[in-house]
Amino acid sequence: MEEYLQLFKNETDFYNQILLGSLLPENIWRSLPHVCRTWLRNYVAGVLVYSITGFLWCFYIYHLKRDVYIRGDAIPSMKTMVLHIKVTMRSLPWFAALPTFSEYVVERGWTKCFSRISEVGWFAYLVYIMAYIAVVEFLTYWAHRKLHDIKPLYKYVHAQHHSYNKQHKISPFAGLALHPLDGIAQGGPHEIAIFLVPTHFTTHLTLLFLGAIWSANIHDCIDEKLWPLMGGGYHVIHHLSNRHNYGLYTIWMDWMFGTLSHPVSNPTKPN
């Protein structure tokens, strides 16, 4: 058992070496306890993923494709996007605790994670991934919905994100512009899932960071019409109405629980 758990620690050491070893002098990060190195790597990775994704997304839809996807008067101002970035940067140190927690509990054998796909085979791997995503979708839907339904939670935790309640106040940078507890509540289902579903360790970490990229996608206000995905056209309705489309990746949970609202048309798109 100890030898098997060492495989997980070897993986996290490898990721630390790749990222931290590329950016920082070794004598700085090597001296830190393992869990601190892991947190630092997740924090740096989070900053890079958020910054690069947000910049490229905004550059493409607001500059290269200006007036193609979104009218010029619906594009958020630079001041608005800087506000999104400031809020996110205050919360990212807390968000980095999520993958750090994952790695901590996995390395101790407390979860159902496995290290190699060959241990279960490709068919079982794909079944487990679908089950994992279903659990995350279900729990995220209800976490998000309760952040609206429970008034103190909405007022003190979730309302900050819903201050971006007009289309020109929403940008890909707003995806992670959340109160720390808000982000942890909506990211926490990924952590719960690895205690319930056999999950490939690296795939779990990848999906956590892909969730951050997906958050940029659903805040671009573009109706991609990629059923059953929860695209920007659906999520902007959530920001404007405050009561529909609580889902993360898909619209299925909203459909099942009666909160789905379809975008009839995208008023930000030029005719």
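Analyst: Before we place any residue in a helix, note that helices here are DSSP runs of H or I with at least four residues, numbered from the N terminus. The model itself is predicted.

User: Okay, which helix is Leu48 found in?

Analyst: Leu48 lies in helix H3, which runs over residues 34-64.

User: And why does Leu48 count as partly exposed?

Analyst: Its relative accessibility is 36%, and partly exposed covers what lies between the buried limit of under 20% and the exposed limit of over 50%, so Leu48 counts as partly exposed.

User: Which residues form the nonpolar patch on the surface?

Analyst: The patch is made up of Leu23, Leu48, Ile52, Phe55, Leu56, Phe59, Tyr60 and Leu64, which together have about 780 Å² of accessible area. Helix H3 gives the most to this patch, with 7 residues.

User: What does UniProt annotate as "transmembrane region"?

Analyst: According to the unreviewed UniProt entry, that annotation covers residues 43-62 and 122-143. In the model, residues 43-62 are 100% helix and 0% strand, with the end C-alpha atoms 28 Å apart, while residues 122-143 are likewise 100% helix and 0% strand, with their end C-alpha atoms 31 Å apart.

User: Switching to H1, where does that helix bend?

Analyst: H1 bends by about 25 degrees at Gln17, although the helix, which has 22 residues (2-23), reaches 31 Å from its first C-alpha to its last, close to the 32 Å expected at 1.5 Å a residue.

User: Which residues of H1 are buried?

Analyst: The buried residues of H1 are Leu5, Phe8, Glu11, Thr12, Asn16, Leu19 and Leu20.

Definitions and conventions:
Residues numbered from 1 in each chain as written. Predicted model: local features only at pLDDT ≥ 70, side-chain atom pairs only at ≥ 80, totals over all residues. Heavy atoms only, no water. UniProt positions renumbered as here; feature names shortened; annotations may be inferred. Helix = DSSP H or I, 4+ residues; strand = E, 2+ residues; numbered from the N terminus. Patch = residues over 30% accessible without salt bridge, like charges linked within 9 Å, V, L, I, M, F, W, Y side chains within 5 Å. Areas by Shrake-Rupley, 256 points an atom, 1.4 Å probe, with all protein chains shown as cover. Salt bridge = Lys/Arg side-chain N within 4 Å of Asp/Glu carboxyl O. Buried < 20%, exposed > 50% of the residue type's maximum accessible area, 1.4 Å probe, protein only. Expected span 1.5 Å × (residues − 1). Bend = angle between axes of the 7 residues up to and from the residue.
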